[in-house]
Amino acid sequence: MTHGISISNLTKSFNHSEVFNGFNLTIKPGQITAIFGPNGSGKSTLLNILSGMVKQDAGQYRIEDFDRFQFSYVFQNYRESLLPWRTNLENLALPLEIQGLAPQDVRERIRNLQDLFEFNIDWHGHPYELSGGQQQILAFMRALVTNPRVLFIDESYSALDYENNLKLRDHLQTYYLAHKPTVVFITHNIEEAVHLASEIVVFSKKPTHVLETITNPLPYPRTVESLKTATFHEVKDQVLTAFQKAANL
C-alpha cells in the first residue's frame, strides 16, 4: 500500500484573505516531508484541509489508500487535544478504544510504546498535572499508539527543552524506520526540518505557492552527530536561502 499525497489547484480564503490560489504539491509516500515557511503562509491550514477538518474552496487533494484508523494528527494546540477528565493512561488508550481493540491488545500496544519512549510520568494522574513538555510528549505518543500509516505533525516539538526535543526526534525516526509511514510535519526550526525530513518544502508568503523543494540526502537514522556533518550544513544553507527569498529578508 502507498500513501502518497497529491494536491491540485487548491484554493482557500478566509475573510476575503487569499491563502491558496491554484496551489499544487505532491508528497511522496513513505517518507518524512517538512513544510517550512513564513508565518501566515497556510502551513497549518494545509494540514487541516488534508485531514478533512477544513473545507477547501476549490481544487482537489488525494491521500492514496487513506484509512481513518491508520491516520494520526499531532496538533499544535496539543493541550486542547488531551481530555482532562481522563487519566494520562486513558488518554493514551483512547484511539485504540475507538477502534474497538480488545483490552489485552490495548495494553500490549501501550506497553510497547511506553518501552520505546521511556517516558516516566504518573500514568494514573491527569494531563493538567503535567508540564507543557510532558503534555506534548503524551499527545505525540497517543498519535503513534495506533501505528499510523499517515502522520501529520504541527510543531510538536515547540514546548520541549532541547534534550527532550532531540529524544522525540529520535523516537520519531525509530517509528519511521520500523513502519515507513508518510509523515508531513510543520516546523519553524530549520534544524528540526533538516534533521528529520527527506524533503523540505519551502512555502512563499500568501497567496502561497511552493517556492522550492529541497532534497536531503542524509541517511537514516540521523543522530546528533549528523547535525555536525558537512551535508547537514549544506542542506540547512539551502533551506535558509530559500526562506530568505520567501520572507523577503
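Q: Is Glu-118 buried or exposed?
A: Glu-118 is exposed, with a relative accessible area of 64%. Buried means under 20% relative accessible area, exposed over 50%, and partly exposed in between (1.4 Å probe, protein chains only).

Q: What kind of model is this?
A: This is a predicted model, in which local features need pLDDT of at least 70 and side-chain atom pairs count only at pLDDT 80 or more, while totals for chains, interfaces and linings use all residues. Residues are numbered from 1 along each chain as its sequence is written, and side-chain values use heavy atoms, leaving out hydrogens and water.

Q: Where is Glu-118, and what is its phi?
A: Glu-118 is in the loop between helix H4 (103-117) and helix H5 (132-144). Its phi is near 50°, a positive value in a residue other than glycine. Helices (H or I, at least four residues) and strands (E, at least two) are DSSP runs, numbered from the N terminus.

Q: And what about Asn-9?
A: Asn-9 has a positive phi, near 55°, and is a residue other than glycine. Asn-9 belongs to strand S1 (residues 5-14) and is partly exposed, with a relative accessible area of 46%.

Q: New topic: which peptide bond at Pro-207 is cis?
A: The bond from Lys-206 to Pro-207 is cis, with omega near -5°. Pro-207 sits in the loop between strand S8 (199-203) and strand S9 (210-215).

Q: What joins Tyr-220 and Pro-221?
A: A cis peptide bond joins Tyr-220 and Pro-221, with omega about -5°. Pro-221 lies in the loop between S9 and helix H8 (230-247).
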